[in-house]
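Dear colleague,

Please read the notes beside the coordinates.

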Amino acid sequence: MPSLLPTAIVGSLPKPSWLAEPEQLWSPWKLEGEALVEGKQDALRAVVQEQQRRGIDVLADGEQTRQHFVTTFIEHLSGVDFEHRETVRIRDRYDASVPTVVGDVRRDHPVFVEDAAFLRSLTDRPIKWALPGPLTMVDTLADRHYGSREKLAREFATILNQEARELEAAGVDVIQFDEPAFNVFHDEVRAWGVETLERAAEGLRAETVVHICYGYGIKANNDWKATLGAEWRQYEQSFPLLQQSSIDTVSLESQHSHVPVDLIELIRGKNVMLGAIDVASEQVETPEEVADVLRKALAFVDADKLIPSTNCGMAPLPRDVAQQKLSALAAGAGLLREQLEGAKA
Ligand SMILES: [Zn+2]
């Protein structure tokens, strides 16, 4: 593990075509029962090997064992009816088929802890596990019980904290909460979003990350981005609050994004996981392009707090493209690392 600019992906990677339909979100499994359990483990082995081979330093599970980064977690809780899915508008942007909350939510058993322990057994490198954040969870379901997003988010924060503590005990080094909804519901972020996020991360020794993005490279997101104008200033709302929070690291988009790079100044003091890989394009970045985005950020974040990363998950990309983007990320970080270390020597 390099002392400077350790690389890590945000989250998902494409699944092998024998496990799930490729280039699709919410893609159904192709296997069942024991074969599915074994298939998920083989997919985890493959993504670990691929990340290591291509020079990624902090390894993720690539979401190989879950169908979707939010709904899979929700479906494992009691109080949730996942068979009667409802179609609701999420992120104020597009309709999705989601589980329904029909009673008090509870976590009767661990959700991802076994998968994380298996990932831990596959590598000596640090590992990161992503969970959905409370605000994004309440925005990705139909609520027929609580009647209050805030109240439900507070319940989820408690549940997430239980899961996170057990992930940490299973050997997870970095715990990430995915909060794409932080870029949409600014009033809720201010009123209780950051507070419930901190509650989810409370008492953890593992490094904590919040990932905030403009979403996967799917049509609904690309159409939305087209309406945001020349400068995307959504982070300006949440960053000052996060700078004051107990969360260690903020993960944000940068490559090909219209986010003004100087907004990073608003989280001065935090670690910055910077998206140097565009997940909405199949064009593979050159190492120079990656290094360039990272270099520009150095005006606003100390080099020892910069973690080169992707803008978001890569699940919808063709597998070979995603794999080449892993190599580009590592090579670009390597270029800049050499320059920084050369300048010091
Ligand atoms: Zn994302």
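Strand E1 (residues 78–90) and strand E2 (residues 94–106) are paired antiparallel through eight bridges, where pairing requires that DSSP finds at least two bridges between two strands, and where helices (H or I, at least four residues) and strands (E, at least two) are DSSP runs numbered from the N terminus. This is a predicted model, in which local features need pLDDT of at least 70 and side-chain atom pairs count only at pLDDT 80 or more, while totals for chains, interfaces and linings use all residues. Residues are numbered from 1 along each chain as its sequence is written.

Within this pairing, Ser 78 has Arg 106 of E2 as its bridge partner. Three residues separate E1 from E2 in the hairpin that they form, and Arg 91 in the turn has a positive phi of about 50°. E2 is also joined by two bridges to strand E4 (residues 142–143), this time in the parallel sense, with Val 101 opposite Asp 143 of E4.

Turning to the helices, the axes of H5 (residues 149–169) and H6 (residues 186–200) come within 7 Å and cross at roughly 20°; axes here are lines fitted to C-alpha atoms, for helices over the stretch in contact, with angles running from 0 to 180 degrees between N-to-C directions. H5 and H6 are therefore roughly parallel to each other, given that angles under 35 degrees count as roughly parallel, over 145 as roughly antiparallel, 65 to 115 as roughly perpendicular and the rest as oblique. Residues of H5 including Arg 149, Arg 154 and Leu 160 meet residues of H6, among them Glu 188 and Trp 192. By class, this contact of H5 with H6 has six nonpolar, two polar and five charged residues (Ala, Val, Leu, Ile, Met, Phe, Trp, Tyr, Cys and Pro count as nonpolar, Asp, Glu, Lys and Arg as charged, and the others, Gly among them, as polar).

Arg 154, which is found in H5, counts as partly exposed because it has 18 C-beta neighbours inside 10 Å (20 or more would be buried and 12 or fewer exposed, with C-beta atoms placed from the backbone). Arg 154 and Gly 33 are 121 residues apart in sequence, and 34 Å apart in space from C-alpha to C-alpha.

Finally, the axes of H9 (residues 287–297) and H10 (residues 319–344) come within 7 Å and cross at roughly 60°, which makes H9 oblique to H10.

Best regards

Notes:
Contact = placed C-beta atoms within 7 Å.
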